[in-house]
Amino acid sequence: MTEFLVRKISFDNALSTLNDIGFDKCYSHKAVDKYNYVLLKLHDLTPPQASIIKQLALSVGCDAGVHREVLTCKVDKSDVLLGGSYSQIKLIAQKLRVQPFKLPKLADILIEQISIFPKNLKIRNKEF
C-alpha cells in the first residue's frame with residue numbers, strides 16, 4: 001500500500017511553497033492569489049442583488065450563502081456569506097461592474113476588502 005504525505009500550508013507560506021515545488025517564478029506572484037481564501041459577509045442585500053451575487057459566485061467556482069427565501073422574494077433583505085479565493089472575488093467584482101441594482105458600487109467595496117493589508121506592528125524596535 002502506498003503512503004502519502006500531506007501537510008497543511010498556511011497562506012503565509014504559499015508563495016515560497018510554489019517556488020519550492022518548481023512553479024514558474026515569473027507567474028508565482030500572480031498565481032498566489034488563487035490560494036488566498038476569504039469569507040465576506042455582505043449585509044442587507046435585496047433578493048435580486050443576493051441572487052446575482054449567488055449566480056456570479058457559482059460562475060467563478062466559489063459559493064455564496066443566501067437566505068432560503070431569496071428565490072421566492074418572501075424576504076425584503078438577505079445577508080450573504082461570500083467565500084472564495086482572492087482571484088475569484090476579483091472576478092466577481094469585475095462581473096458586478098456591469099450589473100444593475102447598484103451592484104457596481106459593491107464591486108469597489110469587494111476590491112477594497114481584499115486589498116486591505118495589515119499594518120506592520122512595531123514592538124521594542126522589532127517590526128512584525
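Start by selecting Phe101: at 44% relative accessibility, this residue counts as partly exposed. Keep in mind throughout that you are looking at a predicted model. Phe101 sits in the loop that links helix H4 (86–96) to helix H5 (103–115). Check the backbone while you are there: phi of Phe101 is positive, about 60 degrees, although the residue is not a glycine.

Step along to Lys102, which belongs to the loop between H4 and H5 as well. Its phi is near 65 degrees, again a positive value in a residue other than glycine. Is Lys102 buried or exposed? Colour by accessibility and you have it: Lys102 is exposed, with a relative accessible area of 70%.

Gln49 is part of helix H3 (residues 47–59). With a relative accessible area of 13%, Gln49 is buried, because it falls under the 20% cut-off.

Two packed helices are described by the angle between their axes and the distance between the axes. For H4 and H5, the angle is about 160 degrees and the axes are 8 Å apart. The two helices are therefore roughly antiparallel to each other, since angles over 145 degrees count that way. Their crossing is left-handed.

Which residues make this contact?

- From H4, pick Tyr86, Ile89, Lys90, Ile92, Ala93 and Leu96.
- From H5, pick Leu103, Pro104, Leu106, Ala107, Leu110, Ile111 and Ile114.

Sorted by class, the H4 to H5 contact has 12 nonpolar residues, no polar ones and one charged residue. At 15% relative accessibility, Gln88 counts as buried. Leaving aside its neighbours within four places in sequence, Gln88 has contacts with Val60, Gly61 and Cys62.

Now switch to the sheet. What is the order of its strands? Reading across, you get E1-E3-E2, an open sheet of three strands with antiparallel pairing. Strand E1 (37–45) and strand E2 (63–65) stand at the edges with a single partner strand each, so one side of each has no neighbour in the sheet. From one strand to the next, the twist averages 20 degrees.

Zoom in on the pairing of E2 with strand E3 (residues 78–85), which is antiparallel and runs over three bridges. To find your place, select Asp63, which stands opposite Gly83 in E3.

Finish by putting the helices back over the strands. H4 packs on the sheet, where it touches E1 and E3, and its direction makes about 125 degrees with that of E3. H5 also lies across E1 and E3, running at about 145 degrees to E1.

Methods. Residues are numbered from 1 along each chain as its sequence is written. This is a predicted model: local features need pLDDT of at least 70, side-chain atom pairs count only at pLDDT 80 or more; totals for chains, interfaces and linings use all residues. Side-chain values use heavy atoms; hydrogens and water are left out. Helices (H or I, at least four residues) and strands (E, at least two) are DSSP runs, numbered from the N terminus. Buried means under 20% relative accessible area, exposed over 50%, partly exposed in between (1.4 Å probe, protein chains only). Axes are lines fitted to C-alpha atoms, for helices over the stretch in contact, and angles run from 0 to 180 degrees between N-to-C directions. Angles under 35 degrees count as roughly parallel, over 145 as roughly antiparallel, 65 to 115 as roughly perpendicular and the rest as oblique. A crossing is left-handed if the near helix is turned anticlockwise from the far one by less than a right angle, and right-handed if clockwise. Contact means heavy atoms within 4.5 Å. Ala, Val, Leu, Ile, Met, Phe, Trp, Tyr, Cys and Pro count as nonpolar, Asp, Glu, Lys and Arg as charged, and the others, Gly among them, as polar. Two strands pair if DSSP finds at least two bridges between them.
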